[in-house]
4 protein chains.
Amino acid sequence: MLQETAKAAWEYGRKFLMQGKVADYIPELGKANPVYLGLCIKTPDGKTIEYGDVEERFSMQSISKVVALATALQHLGFDTVFSHVMMEPSGDAFNSILKLDTASNRPFNPMINAGAIEIVNLLAPTFKFEQLLDFTRAICMDDDITLNEAVYHSEYNTGDRNRAIGYLLKSKEVLEGDVLQTVDLYFKLCSMNVTARSLAGLGLILANGGVDPRNGVRLLSAQTVRTVKTLMLTCGCYDGSGEFAVRVGLPAKSGVGGGIMSCVEGQMGIGTYGPALDEKGNSIGGKNTLEYFSRAMHLHIFDSERE
Amino acid sequence: MLQETAKAAWEYGRKFLMQGKVADYIPELGKANPVYLGLCIKTPDGKTIEYGDVEERFSMQSISKVVALATALQHLGFDTVFSHVMMEPSGDAFNSILKLDTASNRPFNPMINAGAIEIVNLLAPTFKFEQLLDFTRAICMDDDITLNEAVYHSEYNTGDRNRAIGYLLKSKEVLEGDVLQTVDLYFKLCSMNVTARSLAGLGLILANGGVDPRNGVRLLSAQTVRTVKTLMLTCGCYDGSGEFAVRVGLPAKSGVGGGIMSCVEGQMGIGTYGPALDEKGNSIGGKNTLEYFSRAMHLHIFDSERE
Amino acid sequence: MLQETAKAAWEYGRKFLMQGKVADYIPELGKANPVYLGLCIKTPDGKTIEYGDVEERFSMQSISKVVALATALQHLGFDTVFSHVMMEPSGDAFNSILKLDTASNRPFNPMINAGAIEIVNLLAPTFKFEQLLDFTRAICMDDDITLNEAVYHSEYNTGDRNRAIGYLLKSKEVLEGDVLQTVDLYFKLCSMNVTARSLAGLGLILANGGVDPRNGVRLLSAQTVRTVKTLMLTCGCYDGSGEFAVRVGLPAKSGVGGGIMSCVEGQMGIGTYGPALDEKGNSIGGKNTLEYFSRAMHLHIFDSERE
Amino acid sequence: MLQETAKAAWEYGRKFLMQGKVADYIPELGKANPVYLGLCIKTPDGKTIEYGDVEERFSMQSISKVVALATALQHLGFDTVFSHVMMEPSGDAFNSILKLDTASNRPFNPMINAGAIEIVNLLAPTFKFEQLLDFTRAICMDDDITLNEAVYHSEYNTGDRNRAIGYLLKSKEVLEGDVLQTVDLYFKLCSMNVTARSLAGLGLILANGGVDPRNGVRLLSAQTVRTVKTLMLTCGCYDGSGEFAVRVGLPAKSGVGGGIMSCVEGQMGIGTYGPALDEKGNSIGGKNTLEYFSRAMHLHIFDSERE
């Protein structure tokens, strides 16, 4: 039944592709094909269910914020991380500077650009990009993840708003060290090339409490995983996070490259790829696929028929 | 073990009372005794576990937003309600006007004052206060809930910011009809007098998917309950909602009267009363009691040891 | 030469009428004829120079803020007035609530709605509308000014944003007494029916230091006049005030009814009427007439050829 | 009488020094001596009237925004300059990013940091710092103006908020070319070392319509001077500009280094130096000296006894 529902969900999601629009504020992203839609589901017992364009590579974009946050929690600890970033949804766009100028020195949460840049700044003294890339490969169960050089250069050339955020954080003495190097590392993380399968892999690790089910190796602590999933639920889909939580009811992180990574406690990791985005920047095909799937399978965290 | 853990949680919560402060922006609330702390847990099989000041009556305040939202969802339907109010956490204080002036005509969510006033406006043509009071009694399993006249008058006399919100909504043609009557009804709902037990009762109905476990009567649909609990999780504790979700991981709604109402899927309803508040307006004793209890019992929605 | 230049300025101003748009947020204002343009100039020696539609009556709207401020300064004094309202340009729209919610309890200046409502609130205990109307007639040298009932009712019916501002000021304990009565008086002042001639009369009194040149009677103190003209210069044309000051360089107050009232130190009062507005809410014909006239006659306060 | 009044004004201004505070957000500025107060007045006929610390050198800071704006107007023209920067007072602090993030791509005016950085960006392709320094010497009638290296390094080391503004402008495609070089040039201009005398010289050129009265050489066009003085009046004293215009009624530009530069049409240039600042960042001694002097001499632009 999981298989049939997954297929029906994917078919449902495809109906919305025409209403979406590929991101174009980073020129390289504008080249993506809006008719793509891929869905991959991975379960702890090793099964994979897939439909559509699951082998297409695309840049992780904001989904890398999950990798950065998980790494920081793992290596620096909960208290250190959250003395630099808050845990509150902001209600503003992902690249907003508003609240940094008016409401708080600390970024509102690690899922908006300001917060993720601060997290990357915390990682920078300890990790080189290559180490973070290696960890991303492990946590996504995908050794073929590489840096998408074209996207990285496109990010680099259009990343002045992120540089502004970096310097504003530095002026508030929240960010330390070199702003441009920090933002550069942030761009590289955004430009890691994944597939829907890699995202399902990452979702599976999170669903499984931080342990790789293939070999029992713990990659993330239970506390790290719990924290990451909560922030995905409250802040993972930009300023559409609240509606996504109501309609889908699963932790999820989207990226403007077209990916959504999600998971169901103990049951499965889910990855979708569909570069046509809604007006909030979330994959319109992926979002609707997930809503259908969650509803049909009773996966919403507060579905009273959930198993 | 539930009993011992509940007691330990309550004792833990009491340690924080001295760090809190009773609300005083509504003069009548300022009379509350900051040393009170009550914890009540109700389970579907009819058990009640209680510690401390569970018989003290206090005004529901923002917790009545849950009642109003549930009633509106039940009688007007999901689509109508959310064509008037959004579902997004705002990142601003509960009584902020900022985003109404700059970001959106619709209030960001039903858990901030602007959203709740709009919800009450949707209910006003159909329901008199007495009917809503009756429904509150049913949904809280407490026939003794009454209007606290003193608090109501205090609200009425200091409610000009809420009247401003009402008129602003009216100017945007989101709110219809009489502003002052709408706000008056809102004040009455905030002034309903409950106990920690009533809140545990309300939590139990939500935990039990909308069905009163005493008699099997469905009071709220599964969709209403799911929606309400999701919005409690993302927006239920003012601008401390994100941190509450990370640390406690349960849907909860707090009120500046000192109450917190929470629930655990299928397992229990929880009510706390402690009028000493933290700087965000959440009961400091209640919050810490819940954090301890959730952690010790592995109740966090994303706790990997959760049953 | 004054006469020829005035005529040329008026002809120049008429060329812009097609680019403007009559205000329609108050329905009654939407009935105005956008092809009207009137210019009236009055000098201390009793001369009047007029072109176009100078006998058309229209509502004063925001120009009444000058009357209210002058009355308050005259009767309550500089220090009392400016303990309730600041003197700073706000950079926001005339009806913005933003800064009241975020930056200051006191309205930024008496020329935005919030500030004018506060000024009217200061006047309310002492003055009935009829008294303020009488004073307006005197200060405008026009005994035929009356309340435009149709506009007043239209204002009343669409004035919820101003009521929101009033209640917000009340909630901050800046405004005292009855909000709705205060706002009602504010609506009546906005609805006083003037002509370009009345505005030239008001401008003449201000140009002449507060003294009626016909009879030598002092209507306003020198300090009141100096203060009013400074605030007209810095804040008199909504969020186009800065550009107006650079381009025209004369104190001026505009109203969305289509009037602009201006003056030249010791030399003349100027009134224009043209209900077609630019995107900031200033009469597009009046504004361009004044710019041409000021430039040709070297009237800019910082024109180095000014006499 | 000019001389006696000037002396009395200076003595009056000194009484306020204790209420002020030296700027310390740029460490080097914190070393200034708060008891200094100097007043210098220069008239077109070559007279100089001076009291107090008129030979002390201090950094121009925001007063250099006048030099930058004047240079840009002179060389690029009114229309080019104001297609990049608006002319509106912002109502926000000098270093605010708020309106850039929410209200407009163009900075609100050339007297706030964002506007001045944009002006400097317009100048950067044409002028080297040394050329701008030479022009500053000419326009201030002071050949001894040099770069204060210590202040420049202090600015450089603490200028991250200005870098953030620069990158934000770049991301909006308002600023072109290299952000860090632009901001660096801006820091150098802020760090030019002047005296109260130099500021009186600059004020004299502006009072005299752009012509050096010593030799009749025109340094700035009439339009440039008119525009600069208007913007000084509406925006020259940070978010205290409105009150300064009401109380003093003269175009003025202040800097956090302690200087105020002002002028009276055709009559005189005025420079003051007093590093103790009020809470808005304006020299408290200078401001009060100017208020006394303007009132006693009837210099306010709308003083009805003004000559």
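Two strands pair if DSSP finds at least two bridges between them. Helices (H or I, at least four residues) and strands (E, at least two) are DSSP runs, numbered from the N terminus. This is a predicted model, in which local features need pLDDT of at least 70 and side-chain atom pairs count only at pLDDT 80 or more, while totals for chains, interfaces and linings use all residues. Residues are numbered from 1 along each chain as its sequence is written, and chains are lettered from A and ligands numbered from 1 in the order in which they are written.

**Sheet in chain B**
- In chain B, three strands make an open antiparallel sheet in the order S4-S6-S5.
- S4 (58–59) and S5 (146–147) of chain B each have a single partner strand and stand at the edges, so one side of each has no neighbour in the sheet.
- Two bridges join S4(B) to S6 (residues 192–194) of chain B in the antiparallel sense.
- Ser59(B) lies opposite Asn193(B) of S6(B).

**Contact between chains B and C**
- Counting residues whose C-beta atoms, placed from the backbone, lie within 7 Å, 13 residues of chain B contact 13 residues of chain C.
- On the chain B side, H4 (98–102) and H8 (160–171) are the elements that give two or more residues.
- H8(B) supplies the largest share, eight residues.
- This side of chain B has five nonpolar residues, three polar and five charged, where Ala, Val, Leu, Ile, Met, Phe, Trp, Tyr, Cys and Pro count as nonpolar, Asp, Glu, Lys and Arg as charged, and the others, Gly among them, as polar.

Definitions and conventions. Two residues are in contact if their C-beta atoms, placed from the backbone, lie within 7 Å.
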